[in-house]
Amino acid sequence: MAMLSKEEAKQIIDKVLSYAKADETEVSISGGRTGNIRYARNTVNTSGESNTITVAVNSVYGKKSGVATGNELDEAALKRIVEKSEEIARLAPENPEYMPMLGPQDYPETKNFSQKTADIDPSYRAKAAMDSIEVSNSGNLTAAGYLEDFAGFSAMGNSKGMFGYNQSSSVDFSVTVRTADGTGSGYAIRDYNDIGLLNAKTVTEISAQKAQASVNAQAIEPGKYTVILEPTAANDLLRLLAFNMDARSADEGRSFLSKRGGGTRLGEKLFDERVNIYSDPMHPDLPGRPWNNEGLPSTKTTWVENGAVKNMYYSRYWADQKGVDPVGRPTGIIFEGGNESLADMIRKTQRGVLVTRFWYIRAVDPQTLLYTGLTRDGTFYIEDGQIKFPVKNFRFNESPVIMLNNIEAMGTPQRAGGNLIPPMKIRDFTFTSLSDAV
């Protein structure tokens with residue numbers, strides 16, 4: 001396994017820096033083991049495991065920079081990487097937005113590594129796949145699934161004394177189950193840092209139940225409906241809002257956070273007062289990296305509080321231009337929810353649609369955050385507090401900004417797509433047309 005200890009990574013970084021002649025030099029090392037298993041039509045068709053390690057050197061002369069990478073750690077190879085990065089830097093044009101490298105930083109000790117995940121072997125993956133496949137076989141269903149696990153490290157250091165090291169692990173599992181006649185389809189997905197939290201059989205049973213329940217879907221008229229979004233579906237749209245909170249885009253008039261006539265909507269109440277969004281690298285259910293995308297320490301940050309926008313992402317360059325502190329983009333968001341279960345939401349719905357997930361989402365208008373896409377793999381009509389029948393899939397046109405002003409209820413946040421997102425009940429969600437796809 002390509003896992004270097006903190007001490008080993010530091011020794012290599014120091015060695016690389018000793019070869020450097022540029023004004024500034026940064027070294028990044030990352031590596032680890034990635035394993036996977038894939039199956040379709042209830043049969044495993046691919047599996048594999050790879051061990052990789054990468055060294056990247058960024059050399060800077062003034063405002064000219066060049067990057068070179070390699071995957072060998074011997075002295076000659078490391079010297080070649082440094083020489084190549086410096087050669088590229090001397091030939092490169094100046095970057096007018098270049099910011100000097102950081103000095104020493106105090107990074108938090110995040111808990112995003114699980115030894116259980118690091119210990120996964122091919123036998124474990126095979127058993128997880130068979131647990132899933134057996135669910136489908138027993139129900140005369142067809143499953144297609146994918147499991148990928150990773151355990152590795154990343155380290156970085158520079159000529160100004162900055163150094164950071166982190167170990168991380170992750171596991172992602174998704175499964176689609178179809179009925180024998182192809183008219184019913186279900187889907188479920190889970191992601192964790194700790195493989196001990198994953199039960200492939202249970203996840204597949206959820207997908208299988210949706211597939212069986214969605215046979216012979218009926219068409220209902222498009223229009224505005226109350227929708228109940230499972231966490232996967234809610235995440236499909238909310239992540240688009242959270243990761244479009246860039247300060248520069250807002251300042252330059254290109255964002256839903258841009259104010260007409262100039263300025264931004266920072267501090268304005270844009271959403272229902274129950275909307276609270278934050279990020280926290282120390283959260284036990286969603287641990288993150290100890291540093292952000294520019295090497296600054298990751299910290300707990302509130303993005304939306306009681307419906308008001310509290311922060312936007314500021315790159316180091318844009319923060320310098322505006323005279324504020326930089327605010328890094330988080331690796332995952334936490335959306336505070338409510339206390340209603342999915343069953344409670346359904347029981348209290350007079351007429352609505354339950355959505356498992358969205359797909360093929362595309363931007364329509366970035367300034368209003370309007371998106372279009374399709375429902376998929378389990379869409380159901382609700383009437384008088386009960387699921388009455390499966391419905392044909394819809395195309396939607398909706399903005400998460402509008403959506404978060406039409407909240408009727410929320411449940412307990414669940415991990416979905418690298419975020420913590422609650423199931424949500426939303427009124428007046430816009431479906432524009434039908435789709436014959438299952």
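# Domains and aromatic pairs in a predicted model

In an unreviewed entry, UniProt lists residues 222-432 as "domain: Metalloprotease TldD/E C-terminal". UniProt positions follow the numbering used here, feature names are shortened, and annotations may be inferred rather than shown by experiment. This is a predicted model, where local features need pLDDT of at least 70, side-chain atom pairs count only at pLDDT 80 or more, and totals for chains, interfaces and linings use all residues. Residues are numbered from 1 along each chain as its sequence is written, and side-chain values use heavy atoms, leaving out hydrogens and water.

**Annotated spans**

- Residues 222-432 are 16% helix and 37% strand. Their end C-alpha atoms lie 5 Å apart.
- Helices (H or I, at least four residues) and strands (E, at least two) are DSSP runs, numbered from the N terminus.
- Residues 146-213 are 21% helix and 56% strand. Here the end C-alpha atoms are 23 Å apart.

**Two assigned domains**

- The domain assignment gives domain 1 (6-212) and domain 2 (215-238 + 337-435). Such bounds come from an automatic or database domain assignment.
- The domain centres, taken over C-alpha atoms, are 31 Å apart.
- The contact (heavy atoms within 4.5 Å) takes 16 residues from domain 1 and 14 residues from domain 2.
- Together the two domains bury about 1,100 Å², with 41% of it on carbon and sulfur atoms. Buried area is the accessible area (1.4 Å probe) that two parts lose on being put together, summed over both.
- On the domain 1 side, Tyr187, Asp191 and Lys210 lose the most area to domain 2. These residues make up 50% of what that side buries.

**Aromatic pairs**

- The structure holds 13 aromatic pairs. Rings of Phe, Tyr and Trp (its six-membered ring) pair if their centres lie within 6.5 Å; planes under 30 degrees apart count as stacked, over 60 as edge-to-face and the rest as tilted.
- Why is the pair of Trp303 and Tyr313 edge-to-face? The ring centres are 4.9 Å apart and the planes stand at 75°, so the pair falls in that class.
- Trp303 lies in strand E9 (residues 301-305), and Tyr313 in the loop between strand E10 (308-309) and helix H8 (316-322), so the pair ties together parts 10 residues apart in sequence.
- Trp303 is buried at 2% relative accessible area, and Tyr313 is buried at 3%. Buried means under 20%, exposed over 50%, partly exposed in between (1.4 Å probe, protein chains only).
- Phe358 and Phe429 form a stacked pair, 5.8 Å centre to centre with 10° between the planes.
- Phe358 is in strand E12 (residues 351-365) and Phe429 in strand E19 (residues 424-435), so this pair ties together parts 71 residues apart in sequence.
- Phe358 is buried at 3% relative accessibility. Phe429 is buried at 0%.
- Ring pairs link Phe358 and Phe429 into a cluster with Tyr225, Phe394, Phe396 and Phe431.

**Charges over rings**

- The charged end of Arg357 sits over the ring of Tyr187, 3.7 Å from its centre. The test is NZ of Lys or CZ of Arg within 6 Å of the ring centre and within 35 degrees of the ring normal.
- The charged end of Arg376 sits over the ring of Trp359, 4.3 Å from its centre.

**Around Glu268**

- Glu268 is in the loop between helix H7 (247-251) and strand E8 (277-279).
- Glu268 is partly exposed, at 27% relative accessible area.
- Leaving aside residues up to four places away in sequence, Glu268 touches Lys259, Gly307, Ala308 and Val309.
- Glu268 and Val309 are 41 residues apart in sequence and 5.8 Å apart in space, C-alpha to C-alpha.
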